[in-house]
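Please look through the sequence and the three-dimensional structure below before reading on.

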Amino acid sequence: MHELPVTESILKIVIKHAEKNNVRQVVAINLQIGKLSDLEDEWIQRYFDYLSKGTLAEGARLKIERMPIMMQCSNCSTSYETEASNLGELVCPACGGKNIALVSGREYYIKDMEVQ
Amino acid sequence: MDEVRLIEVKEEILADNVKVAAEVRERLRKTKTMLLNLMSSPGSGKTSLILQTIAKLKDNLRLGVIEADIESKVDAEKVAAQGISAVQLRTGGFCHLDATMVTQGIEALPVKDLDIIIIENVGNLVCPAEFDTGAHKNVMILSVPEGDDKPLKYPLMFSICDVLLVNKIDYLSLSNFDMSALRKRVLALNPGITIIEVSCVTGSGIEDWTNWLKREVDIFKQSK
């Protein structure tokens, strides 16, 4: 839903690194986005294509790696992966405990970029 | 063709917002002004709750309100009519507030003379959950007509809040809303959350909410 401001941030960071490294053209950008984050791959690419026109990143592909939702049980410290649809009905698979905390799954991260 | 090479970036996309949010929190800590971010779907009762809160607390606490309703001044006018400092942000169709927009709101308020500022965020259960506003406390409203299944559909929102206000409990007898199922789902996501049942129409539960708020403002003012 908020692809536009997120895309603006991505472009800003990418251009900063491209200029620092004397890049002629950014070919692809590798992102890590948590499964709990509400971003549509298709829209983020469309916004990026629009915003990046005339910049070093024009035409770059966004490659999105979806990061799993990891939970940890507060009783026995067991970590495990879950899906967003199960979050309201969580029980620790190891001890049956119900005190479970989110460890990761909200990432908005630029890992690296492919450039020429 | 030039050879393609890889450059490491390793940056958080939302780092700018996180930084501005931390600055907002620190700035308001110095003036001992607690910032509270109120979120919900459209129509679940944010403005009504703020008006009820003002009515109960305006003799004890100095309140300010930052309104983020889309393209409208109606909410800020209702609040200002109560003699409370209010500022309207024009979010122009934006789906959430970020910390920079909140900073603009704070600059338009007499912060030094306020004990608490309430942000009425944009009505939306998705985006506001992902953008730190700089608030010290996050509060959400779920109203009975929206249904008890919302924690399953919007888990992030329920997991980041300090308080869940279940509003419109005067509708309970007319619906199949299952309060114990809701509580179970919310506590599974967020074991530390405080759940308060209220009705802005009958006034039921409002005092439980304002007591929570008074206590939190006291704790905030005493902390360093």
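The following briefing takes the two chains in turn and then the contact between them.

This is a predicted model, in which local features need pLDDT of at least 70 and side-chain atom pairs count only at pLDDT 80 or more, while totals for chains, interfaces and linings use all residues. Residues are numbered from 1 along each chain as its sequence is written, and chains are lettered from A and ligands numbered from 1 in the order in which they are written.

**Chain A as a whole**

- Chain A has 2 helices and 6 strands, where helices (H or I, at least four residues) and strands (E, at least two) are DSSP runs numbered from the N terminus.
- Along the sequence of chain A these elements follow the pattern α-β-α-β-β-β-β-β, and the radius of gyration of the chain is 18 Å, well over the 13 Å that the globule rule gives for 116 residues, so chain A is more spread out than a compact globule.
- The radius of gyration is taken over C-alpha atoms, and the globule rule is 2.2 Å times the number of residues to the power 0.38.
- Taken along the principal axes, the C-alpha atoms of chain A fill a box of roughly 55 × 25 × 15 Å.
- Of the 116 residues of chain A, 32% count as buried; a residue is buried if 20 or more other C-beta atoms lie within 10 Å of its own, exposed if 12 or fewer, and partly exposed in between, with C-beta atoms placed from the backbone.

**A sheet in chain A**

- An open sheet of 3 strands in chain A has the order β4-β3-β5, with antiparallel pairing, and two strands are said to pair if DSSP finds at least two bridges between them.
- In this sheet β4 (79-82) and β5 (100-104) of chain A stand at the edges with a single partner strand each, so one side of each is left without a neighbour in the sheet.
- Strand β3 (residues 69-73) of chain A pairs with β4(A) in the antiparallel sense over 4 bridges; Met71(A) has Tyr80(A) as its bridge partner in β4(A), and Met70(A) stands opposite Glu81(A).
- The hairpin of β3(A) and β4(A) has 5 residues between the strands, and in this hairpin Ser77(A) takes a positive phi near 65°.

**Chain B as a whole**

- Chain B holds 8 helices and 8 strands.
- A compact globule with 224 residues would have a radius of gyration near 17 Å, and chain B has 18 Å, which agrees.
- The C-alpha trace of chain B spans about 70 × 45 × 35 Å along its principal axes, and buried residues make up 46% of its 224 residues.

**Strands and helices in chain B**

- Strand β3 (residues 63-67) of chain B is mostly covered, since 5 of its 5 residues are buried.
- From β3(B), Leu63(B), Val65(B) and Glu67(B) point one way, while Gly64(B) and Ile66(B) point the other way.
- In a regular strand the side chains alternate between the two faces of the sheet.
- β3(B) pairs in the parallel sense with strand β5 (residues 116-120) of chain B over 5 bridges, where Leu63(B) has Ile116(B) as its bridge partner.
- β3(B) also pairs in the parallel sense with strand β4 (residues 85-88) of chain B, over 4 bridges, and here Ile66(B) stands opposite Val87(B).
- Helix α2 (residues 46-57) of chain B has 12 residues, which at 1.5 Å a residue should span 16 Å, and its end C-alpha atoms are 16 Å apart, which agrees; the expected span is 1.5 Å times one less than the number of residues.
- Buried residues in α2(B) include Leu49(B), Ile50(B) and Ile54(B).
- Asp218(B), which lies in helix α8 (residues 206-222) of chain B, counts as partly exposed because it has 13 C-beta neighbours inside 10 Å.

**Where the chains meet**

- The contact takes 31 residues from chain A and 27 residues from chain B, two residues being in contact if their C-beta atoms, placed from the backbone, lie within 7 Å.
- On the side of chain A that touches chain B, the elements that give two or more residues are α1 (3-20) and β6 (108-115) of chain A, and the largest share, 8 residues, comes from β6(A).
- β6(A) and strand β1 (residues 5-12) of chain B pair in the antiparallel sense over 6 bridges, with Ile7(B) as the bridge partner of Met113(A).
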